[in-house]
Amino acid sequence: MTSIKEQAAISRLLSFLQEWDNAGKIARNHILKYFIENNQGKTAPELEQEFSQGASLFLVRLTTSLRITYMTGSDLEKLLKSIGIFLSAVSSNRYLIEFLEVGGVLTLLEILGLEKIKEDDKKESIKLLQTIANSGRKYKELICESYGVRSIAEFLAKSKSEETQEEVQVLLDSLVHGNPKYQNQVYKGLIALLPCASPKAQQLTLQTLKAAQSIIGATHPSIVDCVLKVLSTMYLEVQYEGRE
């Protein structure tokens with residue numbers, strides 16, 4: 001039999017979940033704001049304690065909401081940050097698997113390609129992909145198997161925010177390291193990025209390409225022409241990285 005204390009905790013959890021289920025957009029934003037402010041940096045056991053061992057019940061509501069709303073271009077930043085609290089928590093492998101089982105990676109990659117979604121929301125999507133990639137080799141492989149390299153590279157080329165572009169570089173660098181099955185795919189994706197119109201993207205790509213080249217060893221024939229072309233650019237920081 002459950003104790004009176006346990007019954008009270010379960011009752012609070014059910015009341016919270018009912019509040020979320022019945023809330024409109026503004027009310028849900030308030031719930032997410034409170035959740036982010038009070039749960040940032042918590043471990044998985046701490047989150048379970050916070051939700052009376054039912055944290056997954058809230059996570060599934062967050063992922064469902066993301067899948068329903070992302071195509072509309074709605075404000076996703078708080079929603080993605082809230083999911084990030086679960087995925088980045090210490091001992092959070094269970095949450096990560098639950099997120100991936102409902103197509104979380106594909107959703108995050110699709111967000112990157114939608115014009116009507118704000119840049120800040122896309123940056124949060126990149127951060128979640130970083131968290132997933134940093135969780136181990138099989139997760140890096142999952143991103144690559146989902147045509148992630150192309151989606152991520154195309155987003156880097158189109159992004160207008162240098163801060164966001166730097167976050168993308170961190171993700172690509174992670175996908176190059178500890179990912180022997182797909183490191184060549186990432187390497188070729190970086191080479192294909194070099195002719196893009198963004199000087200910052202070219203600079204960051206060259207930096208990542210240098211690390212990738214040292215891992216892979218063998219030089220792809222197409223890299224020579226691509227690097228020679230960037231050397232003729234008027235942007236000194238790109239010329240420098242090209243010489244390196």
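I take helices here as DSSP runs of H or I with at least four residues, numbered from the N terminus. The model I examined is a predicted one.

**Entry 1. Residues with positive phi**

I looked up Ser52 and found it in the loop between helix H3 (44-50) and helix H4 (55-69). Its phi is near 50°, a positive value in a residue other than glycine. Most residues other than glycine have a negative phi, so I noted this one. I then asked how exposed Ser52 is. Ser52 counts as partly exposed because its relative accessibility is 22%.

I next turned to Tyr147, which lies in the loop between helix H9 (137-145) and helix H10 (148-158). Tyr147 is not a glycine, yet it has a positive phi of about 60°. I recorded a relative accessible area of 64% for Tyr147, which is therefore exposed.

**Entry 2. Cysteines**

I searched the whole structure for disulfides and recorded zero. Cys144 is buried, with a relative accessible area of 3%. Cys196 is buried as well, at 14%.

**Entry 3. Packing of H1 and H2**

I examined helix H1 (residues 4-22) against helix H2 (residues 25-39) and noted a packing angle of about 140°, with the axes 8 Å apart. Angles over 145 degrees would count as roughly antiparallel; H1 and H2 are therefore oblique to each other. On the H1 side, the contact is made by Phe16, Glu19, Trp20 and Asp21. On the H2 side, Arg28, Ile31 and Leu32 take part.

**Entry 4. The largest nonpolar core**

I looked up the largest nonpolar core, which holds 70 residues. Which of its residues touch the most other members? They are Phe58, Leu66, Phe86, Ile132 and Ile152. Helix H5 (residues 77-88) gives the most to this core, with six residues.

Definitions and conventions:
Residues numbered from 1 in each chain as written. Predicted model: local features only at pLDDT ≥ 70, side-chain atom pairs only at ≥ 80, totals over all residues. Heavy atoms only, no water. Axes fitted to C-alpha atoms, helices over the stretch in contact; angles between N-to-C directions. Helix = DSSP H or I, 4+ residues; strand = E, 2+ residues; numbered from the N terminus. Parallel < 35°, antiparallel > 145°, perpendicular 65-115°, else oblique. Contact = heavy atoms within 4.5 Å. Buried < 20%, exposed > 50% of the residue type's maximum accessible area, 1.4 Å probe, protein only. Disulfide = S-S within 2.5 Å. Core = buried A, V, L, I, M, F, W, Y, C linked by side-chain atoms within 4.5 Å.
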